[in-house]
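Student: I have a structure to go through with you. Can we work from the fold down to the side chains?

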Amino acid sequence: MTEKELKKLNRRQLLELLLKETEQNELLRAEIDALKGKLQSRVLLETKAGSIAEAALRLNGVFGSAQAAADQYLRNVEQLGERQKQLNEQTAREAEKNARRMIRAADMYCEQQKAEAERVLAEARALYRYLNEQRKKLESKGNTGHI
């Protein structure tokens, strides 16, 4: 931003600009500090290594540790997968058991409803026969009226 553009800004705009620049400055300082730390680590590593062969041996140790960690991670994932499989199987067994229980309950309910319907039907048939008999008696007496 040019000096002329800066002069056109009001106090609030200048403060906002200053705040943004301060934040960016802090970020850059943090990045510089991190890079200095990395550089220091590399210098120390090179100093400690002393030679390419020694550094290679150290890297092999790091890779060995990384491989061991990866192997352990895979074992843990496999164990977790096995536990999850067992849990899923148990859940499926429980769901099947609950489904069978619900089917039995529904069957029992249907049987009860069927028995009730048959009872009501038998009562209705008995009532029909009774009413039919009463109608016939009335008709036989000469009365042709309907009930």
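Tutor: Start with a cut-off: buried means under 20% relative accessible area, exposed means over 50%, and partly exposed lies in between. Keep in mind that this is a predicted model.

Student: Is Glu16 buried, partly exposed or exposed?
Tutor: Glu16 has a relative accessible area of 38%. Buried needs under 20%, and exposed needs over 50%. The value falls in between, so Glu16 is partly exposed.

Student: Which residue does Glu16 meet in a salt bridge?
Tutor: The N to O distance in this pair is 3.2 Å. The cut-off for a salt bridge is 4 Å, so the pair qualifies. The partner of Glu16 is Arg12.

Student: Where do Glu16 and Arg12 lie, and how are they spaced?
Tutor: Both sit in helix α2, which covers residues 11-49. They are four residues apart, so about one helical turn separates them.

Student: Is Arg12 buried or exposed?
Tutor: Its relative accessibility is 61%. Exposed means over 50%. Arg12 therefore counts as exposed.

Student: What is the pattern of elements along the protein chain?
Tutor: The chain has three helices and zero strands. Read along the sequence, the pattern is α-α-α.

Student: How much of the protein chain is buried?
Tutor: The protein chain exposes about 13700 Å², and carbon and sulfur atoms supply 59% of that. Of its 147 residues, the buried ones make up 1%.

Student: Which helix holds Arg100 and Glu96?
Tutor: Their side chains meet in a salt bridge, 2.8 Å from N to O. Arg100 is partly exposed at 41%, and Glu96 is partly exposed at 49%. They are four residues apart, about one turn, in helix α3 (residues 52-140).

Student: What is the N to O distance between Glu123 and Arg119?
Tutor: Both residues lie in helix α3, four residues apart. Glu123 is partly exposed at 46%, as is Arg119 at 38%. Their side chains meet in a salt bridge with an N to O distance of 2.5 Å.

Student: Which residues join Glu123 in one network?
Tutor: The network is built from salt bridges that share partners. Along with Glu123, it takes in Glu116 and Arg119.

Student: How many salt bridges are there by this rule?
Tutor: Side chains of opposite charge can pair when their charged atoms come close. The rule asks for a Lys or Arg side-chain nitrogen within 4 Å of an Asp or Glu carboxyl oxygen. The count comes to five.

How values were computed:
Residues are numbered from 1 along each chain as its sequence is written. This is a predicted model: local features need pLDDT of at least 70, side-chain atom pairs count only at pLDDT 80 or more; totals for chains, interfaces and linings use all residues. Side-chain values use heavy atoms; hydrogens and water are left out. Helices (H or I, at least four residues) and strands (E, at least two) are DSSP runs, numbered from the N terminus. Buried means under 20% relative accessible area, exposed over 50%, partly exposed in between (1.4 Å probe, protein chains only). Accessible areas come from the Shrake-Rupley method with a 1.4 Å probe; for residues, only the protein chains shown count as cover.
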